[in-house]
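The entries follow the order in which I looked things up.

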Amino acid sequence: MRQRLLGPGAPAVSLVGYGGMHLSIEGRPPEGQALRVLHAALDAGVTLIDTADVYCLDQHDIGHNERLIAQALASWPSARDQVTVATKGGVVRPAGRWDSDARPVQLRAACDRSLRALGVDHIALYQLHAPDPRVPFAESVGELARLRNEGKIRWVGLSNVSLAQVHEAQAIVPVTSVQNRLNPYFRESLAGGVVRYCAEQGIGFLAYSPTGGGRLTLKVPGHPVLSRIAAGHGVSTHAVVLAWVLAQSPTVIVIPSARKVEHALDSVSAADLELSPADLAAIDGAEFSRG
Ligand SMILES: NC(=O)c1ccc[n+]([C@@H]2O[C@H](COP(=O)([O-])OP(=O)(O)OC[C@H]3O[C@@H](n4cnc5c(N)ncnc54)[C@H](OP(=O)(O)O)[C@@H]3O)[C@@H](O)[C@H]2O)c1
């Protein structure tokens, strides 16, 4: 599969990665199916897997997705050295809710747990899951810088951040990647300049929910403009959306999730799909209602 740099000083990874979230949250598949999906993605050339400590059901299940990924890699020895696993800290799941907790003490404890869950001596890419409004952003990023200095993590990433927060973090620690939502329904990172800035800096922009996520993903197959373009190329509407996201800048990497093998493989097919300038303009100008 085609590759793009994960970030300054970091390796190139497949431009279609895999996001593990749906293998571990509510509605997750049986473990055997989850492992088949991960192995299919690896066999298809995926070399970036995104996870988080909180991809699980609740606080009693923390690390479910990380343990699953560790298991998938352990049973696919050829993949272990070639795959970059990116995890996150800074969110907690009390009673299944998604709450921020990016206090330094929590980030440190979460990082130690993730090291154990992944079964590694250092984490390749550790991302601040989201800024915590109750904690000064510089304190959260400062803890990631300390974890990096101690060798517990190799590269630092940010998620759910504004351009101003990227700048603030860069004054504290080298930023390798930024993971924000980007799809035709949610273009805030384009309008706010985050995507452009990442390209200028060579920072990998990991586009999450690249086909919309949740309910919006279900609307993709019925979209008239996407359907027309997909029919013209003989591909799925999902592949068209992923190709549009990838076309937004040379440092965008998509991390679609899937619980089904055929969906994971369909996502990979987007790596070879070149949309024409007319296709891209048609999607740019089409209506994508979030309603
Ligand atoms: N940093 C953050 O705050 C944050 C937030 C959300 C997500 N993420 C990351 O981004 C990843 C992806 O996000 P997401 O799951 O919200 O959005 P997504 O990848 O846009 O949507 C995932 C859904 O798309 C479906 N799908 C994929 N390919 C398909 C195809 N060819 N045809 C039909 N359906 C298809 C999958 O269905 P099946 O499950 O049925 O296969 C899956 O449920 C997550 O796994 C996670 O790693 C990060």
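The entries below treat the ligand, then the pockets, then the cavity.

**Basis.** I worked from a predicted model, in which local features need pLDDT of at least 70 and side-chain atom pairs count only at pLDDT 80 or more, while totals for chains, interfaces and linings use all residues. Residues are numbered from 1 along each chain as its sequence is written, and side-chain values use heavy atoms, with hydrogens and water left out.

**Ligand shell.** The shell has 28 residues, and Asp50, Thr211, Arg259, His263 and Asp266 come nearest. By class I found seven nonpolar, 16 polar and five charged residues in this shell. For these classes, Ala, Val, Leu, Ile, Met, Phe, Trp, Tyr, Cys and Pro count as nonpolar, Asp, Glu, Lys and Arg as charged, and the others, Gly among them, as polar. Helix α12 (residues 261–269) gives the largest share of the shell, three residues. Helices (H or I, at least four residues) and strands (E, at least two) are DSSP runs, numbered from the N terminus.

I looked for pairs of N or O atoms within 3.5 Å. An N or O atom in the Gln179 side chain is 3.0 Å from a nitrogen atom of the ligand. For His238, a polar side-chain atom lies 3.2 Å from a ligand nitrogen atom, and for Tyr55 the corresponding distance is 3.4 Å. Taken alone, the ligand exposes 910 Å², of which the protein buries 89%; the areas come from the Shrake-Rupley method with a 1.4 Å probe.

**Largest pocket.** I used a 1 Å grid over the protein atoms alone, where a pocket is an open set with protein on both sides within 12 Å along at least five of seven lines, a cavity is a set of points where a 1.4 Å probe fits but cannot get out, and lining residues have an atom within 4 Å of a point. The space taken by the ligand is the largest pocket, the criterion being that more than half of the ligand's atoms lie within 2 Å of the grid points. This pocket holds about 990 Å³. Its lining has 35 residues, with Met21, His22, Gly213, Gly214 and Ser257 nearest the centre. Elements giving two or more residues to this lining include β10 (175–181), α11 (237–246) and α12.

**Second largest pocket.** I noted about 340 Å³ of space here. Of its 22 lining residues, Arg80, Val83, Thr84, Val85 and Ala124 are the closest to the centre. α2 (64–74) is among the elements that supply at least two residues, and α2 gives the most, with three. The lining comprises 13 nonpolar, five polar and four charged residues.

**Cavity.** I found one cavity of 30 Å³ or more, and the largest cavity contains about 50 Å³. Its lining includes Val16, Tyr18, Pro256, Ser257 and His263. α12 contributes the largest share of this lining, four residues. The lining divides into eight nonpolar, four polar and no charged residues.

Definitions and conventions. A residue is near a molecule or strand if one of its heavy atoms lies within 4 Å of it. A polar contact is a pair of N or O atoms within 3.5 Å; within protein, one must be able to donate a hydrogen and the other to accept it, and residues adjacent in sequence count only if both atoms are side-chain atoms. Grid points are joined across faces, edges and corners, and a volume is the space filled by probe spheres set on the points.
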